[in-house]
Structures are given as structure tokens and as C-alpha cells.
Amino acid sequence: MSQSPSSTIGIVGGTGLASQASPTEGQSSSFGAQSLPHHQPGYSLQPKVDAAGEVSSELLEIAMGPHHPSTHGVFRMDVVLDGERVVKLKPVFGYLHRNHEKIAENTSYLASMPYTDRLDYLCSMTNNWAYALAVEKLAGLKPTERAEYIRVITAELTRLLNHTCLIGFLVQDMGAMGTPLMYAFREREKILDLFESLSGARMMCNYMRFGGCRVDLPPGWLDQARAVVAGYPQFLDEFEALLSENEILLARSQGVGVLSRELAINASITGPMLRASGVNYDIRKVDKYGIYDRFDFRIPLGEHGDVFDRYMIRILEMRESIKILTQALKDIPEGPIVDPKAKLRGFRPKAGEAYGRIEAGKGELGFYLISDGSPNPYRYRVRPPSLINLTILEDMCLGTTIGDVMVILGSVDIVLGEVDR
Amino acid sequence: MLGTGIIKGMVETARNFVGSYTDEARLTTSEYPEEKLSPKENARTFPFLVFDTTDSAAGLRCVACQICEKECPPKCIYIEKSKTKKPDYTGKPQLFPAVFDIDISVCMSCQICVEVCPFDAIKMDQAFELSTSDRFGGLLLHKEDLAKPNDYYISIHPSEAREVDERLAAEKVKAEAKAKAEAAGSASEPKPAIAPTTKPAPAQPQTGASATPAPATT
């Protein structure tokens, strides 16, 4: 039922492209370019040659995307195929480049906030938080107690909707047309309704401000949120009954796209992908930003680092998120919503630099800012988890079939707004 | 046994399918053009300009200070100041926008113009059926298209509008008290001040009407 990872890697050496270097064993366990001939610049792919020196088959180079329905946006993979096996895969991005960083360097700090919504356009609340955190570090602002709770609540709701949608997209890529994705979107809708009544917009929330949040919770919002959170475990149970034991899903995901622990660490993979490979690293626990040290929750870890582990990690993380949400919705205090020292206009942090990072749904989302004391940042840099998690796509896909490439890409969880910025 | 997982999943699908006939929670769709959900109170689409009284030109709260134009992240607002002045809701003469354009094909509905406006003159609308066949002029809204009465604002954002009205009424009372004190002071002084010329008497009845907005009708 499941492919063994070692056999998938062995194929790389047998494709005939290794005329420069001898095939090595266990290539995926080391990230060094010396053991991976396809990483050397200027190499050429030769047709496959059999023992007698005759050309036995030809390699086929195709461009998957940028308008391929499974690439989650405008993303292209230049794939070289030997039959159905992938021998080379080059991700090509930049189709959705919007000059986000340069625009931010030419406007005020506040005016960049709505642009951060459009990075990972499924999870605007966590994007807002990461940016607000960086600016607060830069300017020395402290969010109020109530604002901290609201941030945790909105961020965990965002994690729920991100993971729910991702699982929907992932099984859609495996060929489960419609049904699981529609169930996922039905639940997402409830969270989007909460966001709309809180911030005014469903996806582009633009809700966080430096030193707090923009508006206070509308009356009755907490009760609605509690109802949504209370109903979520039942949905997760149903979702798992629908998917987790499905033999087709198991066959398509177990042992596919294995990412080794070492490679994940070396390539600075973060988020559920890293934890699926068995590395215990969650910024909510490591940094304890915000008020995450007050909540009781655990970090689920995978063992194999395959697509199934990445699927399962997300289900388990959602269950932990529900725990955090239940505690936060119980403990949220009354009080002011924004730091009185914070200014909306004429905001000029002192010269300095700051890096604020949070555990977004997709991994470590960081904003690096340098201020020279003027109203706009001197340097503004985003560390997008989607882009960095995408860098090891080729290592996971080599030797697998073209059909599995879609599944592996789906399990990486990318949003092109964040990859290209 | 191979296949039990798929059968379990099928049971779940069947539960949702049958449930969609009996359970509201499993059938969450609404038939949009026929059946419209009422928007959330905080929902926002594009900005509009608030005016008091019934005259959209005279009652416009905007004083063309151009703060929103400066703070707008995608720079979709264009303002030209007027050459003359008109009295605002407290009777104080203020500039007004001769031109106020918002290109809503550029606007990203971020609400920053509303947050920075010190005069409560620009607010977020909830109208969303804005499609037009005119791709050049149809999405460039002028002052006349943007001006909407305060009653409309009260009807779409009731609790927010109530706060704004209370604040403006309090400011008006304060301004009137100050004007009265100044008038009394200048009357007792033998030397006439320049101030009375900038406070025209006809402005008073008009501002009286503007500061007491009609209650919500819708």
C-alpha cells in the first residue's frame, strides 16, 4: 500500500543524468549540494541510456502551471519526467509579485498593515499580529491585556480555518473532488462570520494596531465564538471519520514525499511541516510571544515526515487550538483595547531594528524592520513560511510519480500571495 | 478489512446529505439574488462622505483637510480644496472639498481613512452590488456620488453612529458656549474685535438643524 522512501530515492541515480557524479545512497538525508548532482549549476539532462549505450527513452520536460488547477495559485514547476518519474523539478515563482516590501518602505507604518492582510490571504489575522509584534518591539509598545487575549483568540481561529482549508485542498489534490473541501469551507464560513462581525471584513481584516486592536469586541461576540469553538470538535470528528481511515488517502499519502528530519532542519523548514518530521519546534512554545505561556496545550509531532503525517499533524494541531481557544474565551478580561501611548498618525519609532515572529498557520512568519526615525521604515522584510517551506520541494519530489507531486505540493501548504509578496 | 475506511467515509457523506434536508446547520447556503442575508453591523465595503441636514453640498462634514488623502495606503483619494469657506456644524467657517474623488477600483476597503478622519466626515458603506459596465468612469466616484445623509449612516452602523452623534452634539454645545462667551466679552469691550465678522448670523439656524439629526428611520 505504501511506497518505501528508500526506493523512491534510488531512482535518481538510475535516470542517466548522473554522468557527472556517481549515484549516492540516501541523498535526501544530507542537504549538501555535493551529493546531489542536479543541484550543480549548468548541468544538462541526458536521455536515458541502456547498458549497450543505446538511447532507450527520452526525458520529457513540461511546465506545470502557472495556470495549473492544482498549483494553489499562479505557480509554475518545470518538471523533467522519465516516463512518469520526476527526475528534475524547478519551482518558478514571482507571478504574484506585488512589490510589498518596497511599497512598505515608502509609506507609513500604519499604511502597511492592510497590505500584510494580502500576504497569506487566508490568514490575515496572524499576518497582522506578526507585523504589529515587530513594530511594537521597535517602538516599545505593550499591548493591553484584553488586546492580547483577542489576538490569541483571533490567531487560533485563523489557525483552525487555515488547517481546515488546507486539508480540504490537499484531498482535493488527491482527487476527492468537492465534498471534503465543501465541508471544510462550511466550517470556515462560521469563523469568517466571526471575523466579519469583529473587524468588518471577512478576509482582509486589517484588525490589529500597534499596541492593541482596532475596535473592541461587539456585544455577543464572545458567546458566538464560544458556540463555534464548542461545535468544532464534532466537525473534526466527522472530518476524521470521512478521511483518516480512507484507504485511498492512506495509499496516496503514506510514505509519499518523505522529508527527513535533518533536511528539514537544514533548510529551515518551519510550522506543521517541520513538526511532521519529528522536530519539536513551535514558536508559541519557544518564544512564548503574546501570552501563550498562560495556556495549557501540547505540540503534536510526526514520526515519518510523509504527507500523511503532515495531514495528521494539522488535525491534531486544530484540536490543541481548540484547547487554547476554550481557555482564552473563558479568561478574557475587560479593559482598554489599545495602549494609550500608541499613536495612529505621526508614528515615528526611534532608530533601531526589530524582528517580530509568530507561529502562523504555515510556519514562522517574521517581519524584520529597520527604522531610521522617519515615518516610514528604512528596511522592511518579510520572512514568509510558504516560500521557505517550498525550497525543498524538489528534494521531496525526486523519484516520485507526477501524480504524487501535486499531493506533496498540497501538503506543503503554500499561499502564493505570501510566496511572491 | 480493505474498504471499511471508505465505507465509514460514505456514511459520513450520507449523514451530511440526509442532514441537509432536516438540519439547518448542515445546509448553510442561501440562494443569493433571491435571498439576501442582512449585512453585519461592522461590515464595510467602500467609503462615503457624511452630510448633515438635507443639503448634500452645504451639510457636508468634510473640511478638505486632506489627511485621508495622505494616509490612504493605495492613494485612491483625490481632493481639491475650495477657494471659499462655508460654515460647519458649529458655525465656524471651514473650507470644503471642491473636488473629492475616490477610485473604488483602487480602494482596498482598509478603513484607514475613517480611522484618521478628525471630523467624522468619511465612513464605510455597506453597499456591495456596485458592478458597472463603464470601466473607466463607473468606478470613479465623485463628491456627489459619495455624499450620503447622516440618517443613512445611522441606519447602517447604528451603535457607531450614536457615539459619533453624541460626540458632535457635545462639541457643538461647547462651541456655542464659547461663542456666546466671546460675544459677551466683545460686547463689553469698547474696541470691536475681528471675530464677529467671521461668525455670520445666518449660519446659526442652519447649524441648529444640522446638529440634531433625525432618528433612524430604517
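This is a predicted model: local features need pLDDT of at least 70, side-chain atom pairs count only at pLDDT 80 or more; totals for chains, interfaces and linings use all residues.
Me: What makes L157(A) count as buried?

Reply: L157(A) has 25 other C-beta atoms within 10 Å. The cut-off for buried is 20 or more, so L157(A) is buried.

Me: Where is L157(A) found, and which residues does L157(A) touch?

Reply: L157(A) is found in helix α5 of chain A, which covers residues 145-173. Leaving aside residues up to four places away in sequence, L157(A) touches I191(A), L194(A) and L325(A).

Me: Why is α3(A) called largely enclosed?

Reply: Because 9 of the 9 residues of α3(A) are buried, this helix is largely enclosed by the rest of the structure. The buried residues are Y109(A), L110(A), A111(A), S112(A), M113(A), P114(A), Y115(A), T116(A) and D117(A).

Me: Which elements do the buried residues of α3(A) pack against?

Reply: In chain A, they pack against α2 (100-105), α4 (124-139) and β10 (379-383). In chain B, they pack against α2 (67-71) and α3 (112-116).

Me: What makes up the contact of chain A with chain B?

Reply: The contact takes 29 residues from chain A and 25 residues from chain B. On the side of chain A, the elements that give two or more residues are α3 (109-117), α6 (179-199), α7 (221-243) and α8 (247-253). The largest share, 8 residues, comes from α6(A). By class, the chain A side divides into 14 nonpolar, 8 polar and 7 charged residues.

Me: Why are β3 and β5 of chain A called edge strands?

Reply: Start with the sheet itself: 3 strands form an open sheet in the order β3-β4-β5 of chain A, with antiparallel pairing. β3 (59-64) and β5 (85-92) each have a single partner strand, so one side of each is left without a neighbour in the sheet. Neighbouring strands here are turned by 15° against each other on average, direction ignored.

Me: How do you know that β4(A) and β5(A) pair?

Reply: Strand β4 (residues 76-82) of chain A is joined to β5(A) by 7 bridges. Pairing asks for at least two bridges, so these strands pair. The two run antiparallel, and V80(A) stands opposite K88(A) in β5(A).

Me: What makes β8(A) and β9(A) a pair, and how many residues lie between them?

Reply: β8 (residues 352-360) and β9 (residues 363-371) of chain A share 9 bridges in the antiparallel sense. With at least two bridges needed, they count as paired. They form a hairpin with 2 residues between them, and G356(A) stands opposite F367(A) in β9(A).

Me: Which strands are at the edges of the open sheet in chain B?

Reply: That sheet has 3 strands in the order β2-β3-β5, with antiparallel pairing. The edge strands are β2 (77-87) and β5 (140-141) of chain B, as each pairs on one side only. β2(B) and β3 (residues 93-103) of chain B pair over 8 bridges, and P87(B) stands opposite P93(B) in β3(B).

Me: Where are the domains of chain A, and how many residues of each are in the contact?

Reply: Chain A is divided into domain 1 (5-92) and domain 2 (100-420). Their contact takes 23 residues from domain 1 and 24 residues from domain 2. On the domain 1 side, α1 (5-10), β4 and β5 of chain A each supply at least two residues. β5(A) gives the most, with 6 residues. That side has 13 nonpolar, 7 polar and 3 charged residues.

Me: How confident is the predictor in chain A, and where does pLDDT stay under 50?

Reply: The mean pLDDT of chain A is 83, and 88% of its residues reach 70 or more. Over residues 1-43 of chain A, pLDDT stays under 50. For that stretch the model has 63 contacts beyond four places in sequence.

Note on methods
Residues are numbered from 1 along each chain as its sequence is written. Chains are lettered from A and ligands numbered from 1 in the order in which they are written. Helices (H or I, at least four residues) and strands (E, at least two) are DSSP runs, numbered from the N terminus. Axes are lines fitted to C-alpha atoms, for helices over the stretch in contact, and angles run from 0 to 180 degrees between N-to-C directions. Domain bounds come from an automatic or database domain assignment. Two residues are in contact if their C-beta atoms, placed from the backbone, lie within 7 Å. Ala, Val, Leu, Ile, Met, Phe, Trp, Tyr, Cys and Pro count as nonpolar, Asp, Glu, Lys and Arg as charged, and the others, Gly among them, as polar. pLDDT is the predictor's confidence in each residue, from 0 to 100. A residue is buried if 20 or more other C-beta atoms lie within 10 Å of its own, exposed if 12 or fewer, and partly exposed in between; C-beta atoms are placed from the backbone.
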